[in-house]
Amino acid sequence: MDKAKAFCISKREVWEAYQQVKANRGAAGVDGQSMKEFEADLKNNLYRIWNRMSSGSYMPPPVLRVDIPKDGGAGTRPLGIPTISDRVAQTVVKRYLEPLVEPVFHRDSYGYRPGRSAHQALNVARQRCWEYAWVVDLDIKNFFGSIDWDLMMRAVRRHTDCAWVLLYIERWLKAPVQMPDGTVVHPDEGTPQGGVVSPVLANLFLHYAFDRWMQKYHPDVPFERYADDAICHCESEAQALLLRQELERRLAECKLALHPEKTKIVYCKQANRPVDYPIYQFDFLGHTFRPRSVMNRMGKLCVGFTPAVSNKAARAMRQGMRRKGLLRRYDLGLDDLADRTRPILRGWIEYYGRFTRSALVQVLRWVDMALMRWAQRKYKSLSRRPARAWAWLSGVKCRQPGLFAHWRLEAALGR
């Protein structure tokens, strides 16, 4: 018989949390333990998590910091990787907190929420750019690393007084971080980007810092927010300038700051919008919104303000494929190469191919160039003969138009 516990946490909750962590997979934390190793002693590992959480003695281990490349290669982004056990414990808390806060979140908050997606945010942003001529493109400087703990806990307490939820959230906020060089640091603000509970906490913080404030003081300004990335739609430049100034003051009250260079006012230039303004494009969720030639309802070409895959995203795709080295696997046959690259290419097409697919086709032309170079290294008859290698690849594409995932996209668009 288990002794009476300080907190009432069921073993079923820990088991279901583990199932979610297993489905999401992920890298090992500071203890180096893989999911396979965790499951080798699964019963004892889950019991240990439940026992410690129920007794109030659970202490989060350090979060492993990993610096990952930003989109387009512009520096790195710090990512905090908890251990598998800690991810299970965080999921227990997330499963308790999320149903309490979800009903109050703003309808135009799309990031890391069940039933909402980046594509929904992009689609709404596109429609509103057609309706409103001006945009304030917000960038919060180092958001995850700047969250004030006292303000964060105040927000959590508005939705629950559950003692163990409050206890463990506070402990996770204050958890030490193991740096890439092995040193351990103790932060005094922020929440690690990469933790299971961090997205819910981030949305809750910005719900009060931004969403509720916008509803109260600027109810006529629609916006889309995906985590800390937000777009506000204004009717005039004057309204946009005023909003930016007021947002700077509001975020300062919440101990946050707008990035001075990345936050900008944009004119959504399109047909029947004659204003000459120096900034007429912005990036949102890997897509660039800017004036493009589009077909109107009458079947005629005109200028519309629409999204397509961004140059930064295109660079990130190329760099990601190069890091994997798949297109330099000269030991593989062409069919094997197609099989290995298919999940990656399909993922890109699924995400970036929703809007202005023709732009994505242009971006993915570099895959064919890489395949041509692969063929030159693979086959002596094509070596140093790029024209012949290109003709060979074109022949394969004609005979097997569905071999590579992006060839299907080209065929669908008649390219």
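Student: How many bridges join strand 4 to strand 5, and do they run parallel or antiparallel?

Tutor: Two bridges join them, and the strands run antiparallel. Keep in mind that this is a predicted model. Strand 4 covers residues 177-178.

Student: Which residue stands opposite Val177 there?

Tutor: Val185, in strand 5.

Student: What actually holds paired strands in a sheet together?

Tutor: Strands of a sheet pair through backbone hydrogen bonds, either parallel or antiparallel.

Student: Moving on to strand 7. Is it mostly covered or mostly open?

Tutor: Mostly covered. Strand 7 spans residues 229-234, and five of its six residues are buried.

Student: Which strands pair with strand 7?

Tutor: Strand 3 (residues 134-139) pairs with strand 7 in the antiparallel sense over six bridges. Trp134 stands opposite Cys234 in that pairing. Strand 6 (residues 223-226) is also antiparallel to strand 7, joined by four bridges. On that side, Arg225 stands opposite Ala230.

Student: How many residues sit between strand 6 and strand 7?

Tutor: Two. The strands form a hairpin, and Ala227 in the turn has a positive phi of about 60 degrees.

Student: What does Met53 touch, leaving aside its neighbours within four places in sequence?

Tutor: Its contacts are Phe7, Ile9, Tyr58, Ala89, Val92, Val93, Trp164 and Tyr168. Trp164 is the other residue with the most contacts inside the core.

Student: Which residues are in the second core?

Tutor: Among them are Met321, Leu334, Tyr352 and Leu360. That core is separate and has 38 residues.

Student: Now the whole chain. How many helices and strands does it have?

Tutor: There are 16 helices and 11 strands. The chain has 415 residues, and 49% of them count as buried. Its C-alpha atoms fill a box of roughly 75 × 60 × 40 Å along the principal axes.

Student: What about the surface and the charges?

Tutor: The accessible surface comes to about 21,200 Å², and 50% of that belongs to carbon and sulfur atoms. There are 67 positive and 43 negative charges, with mean positions 8 Å apart.

Note on methods: Residues are numbered from 1 along each chain as its sequence is written. This is a predicted model: local features need pLDDT of at least 70, side-chain atom pairs count only at pLDDT 80 or more; totals for chains, interfaces and linings use all residues. Side-chain values use heavy atoms; hydrogens and water are left out. Buried means under 20% relative accessible area, exposed over 50%, partly exposed in between (1.4 Å probe, protein chains only). Accessible areas come from the Shrake-Rupley method with a 1.4 Å probe; for residues, only the protein chains shown count as cover. Lys and Arg count as positive and Asp and Glu as negative; His and the chain ends are not counted. The place of a charge is taken as NZ of Lys, CZ of Arg, CG of Asp or CD of Glu. A nonpolar core is a set of buried Ala, Val, Leu, Ile, Met, Phe, Trp, Tyr and Cys residues joined through side-chain atoms within 4.5 Å. Contact means heavy atoms within 4.5 Å. Two strands pair if DSSP finds at least two bridges between them.
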